[in-house]
Amino acid sequence: MTTRLCIAVALLALVPTAAVAQSGDAPPASSPFFGSVPAGLPSADPLPLTLKDAVSRGLEHNLGLLAQEASADASRGARWRALSELLPDVSGSVGERRQVINLEAFGFPAPDPIVGPFNVFDARVSLSQSIVDLAAFNSHRAAAFNARAESLGIRTARELVVLVAVNLYLEAVTASSRIEVARAQLDTAEALLTQARNLKASGLVAGIDVVRASVQVQSQRQRRIVAGNEFEKAKLRLARAIGVPPGQSLTLVDAVPYAPLEAVTLEQALADAYAKRADYLAARDRLSAAAAAARAASAEQLPTLTLDADYGTIGQKVSAAHPTYAIAATVRVPIFEGGRAQGRRIEANAQLRQRRAEFDDFRGRIDLEVRSAFLDVQAAAQQIEAARTAVVLADQELTQARDRFAAGVASNIEVTSAQQSVAAASESYIVALYSHNV
């Protein structure tokens, strides 16, 4: 896992469904962005997989994205609940009952206190509407800001899915490149072993040179085995993150060669980040939501005005029912609530201060990430050029060492050392190419 990937995955701290480590730490194995909901059944034939296919599958099946979409749906539901406090509450009822009343129970003594039985029919529509409620208004605004932040979280989650899918694909391609390098080095080691045996049979070298060549063959064979195992595991990790059915074998189609980054200035990149990064915009909306929640908590101690009304017909039977209505305006004035409103206001203000500090810090973090990305790309491009030169020089060193060994003017210690140089140069080139592509 590269440093750039770890820094980017730290953005998950802004996605409520995935709490991961901060910038610079590797994401935990339980991060939902490395899991998925597999679809379909495995087939007997290997599945050809391009880089674009990997991204498309990840955007459909990655668990982190699916969880964030569910979280966004939940936030929209919370927004509707908050809005319901401001919308009119209209209900209707139709009922008919038969009853007997004891007048004495209501304080009306009478010679015959028992009234009834008689029928009562009542059909009525009731309305309750909040006219002035600043707490409910600001609560709705807070819920709306949170819902928008969660929607922006979906954009952030999609970008993270792309990053994870591409990175895992590149890891698999890198592992495949290591297999090819290990195979070529094994072929070279076997050729050198054959050469050492022929020279020993001719009496030109000692037996120790054959032993050294044999050790090198076994070492290269071991490297090839390790590289093959890592390649298979890399494909498993990729399949796990993009929803490939368990047990389905993969064939990677794209080689992902070196391609220079498009020209873009640091200033333009920073401006684009502040204007377009979904995680930054979501942090701004969460700050606005915290401010609205603080205003809502303060408004809980203000009076509220509510209108209640009903209209219907009532009578002993339907044909004899008469229209009736009632209209009432209620002003509620909080006087003493045992400190509940004060406690909620303190909590909301503390949350607001925390969100403001996080938002202010986020601008600095974006600046760090963009500048670090520029440095990483520039360094990786330079490392690729240096690694290419090192590979050419290492190959020349190996060729000359083989010629000297064949001529009998040097032992195969030089050849073994040259082989190690080739291996190190090849590995450096593979790492530099992977880092640049990420």
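Trainee: Which residue stands opposite R124 in β5?

Mentor: G312 stands opposite R124. Keep in mind that this is a predicted model, where local features need pLDDT of at least 70, side-chain atom pairs count only at pLDDT 80 or more, and totals for chains, interfaces and linings use all residues. Residues are numbered from 1 along each chain as its sequence is written, and side-chain values use heavy atoms, with hydrogens and water left out.

Trainee: What makes β3 and β5 a pair of strands?

Mentor: Strands are DSSP runs of E with at least two residues, and helices are runs of H or I with at least four, both numbered from the N terminus. Two strands pair if DSSP finds at least two bridges between them. β3 (residues 114–132) and β5 (residues 304–315) have 11 bridges, in the antiparallel sense, so they count as paired.

Trainee: And what joins β5 to β6?

Mentor: 11 bridges again, also antiparallel, with β6 covering residues 322–332. A309 has I327 as its bridge partner in β6. The two strands form a hairpin, with six residues between them.

Trainee: Why is the pair Y280 and F359 called stacked?

Mentor: Rings of Phe, Tyr and Trp (its six-membered ring) pair if their centres lie within 6.5 Å; planes under 30 degrees apart count as stacked, over 60 as edge-to-face and the rest as tilted. The structure holds three aromatic pairs. In this one, the centres are 5.2 Å apart and the planes make 25°, so it is a stacked pair. Y280 sits in α7 (residues 278–299) and F359 in α8, 79 residues apart.

Trainee: Which residues of α6 are buried?

Mentor: In α6 (residues 266–276), they are A269, L270 and A273. They cover an arc of only 100° around the axis, which puts them on the same side of α6; the arc is that of the directions from the helix axis to the C-beta atoms. Buried means under 20% relative accessible area, exposed over 50%, partly exposed in between (1.4 Å probe, protein chains only). The face turned away carries the exposed residues E267 and K276.
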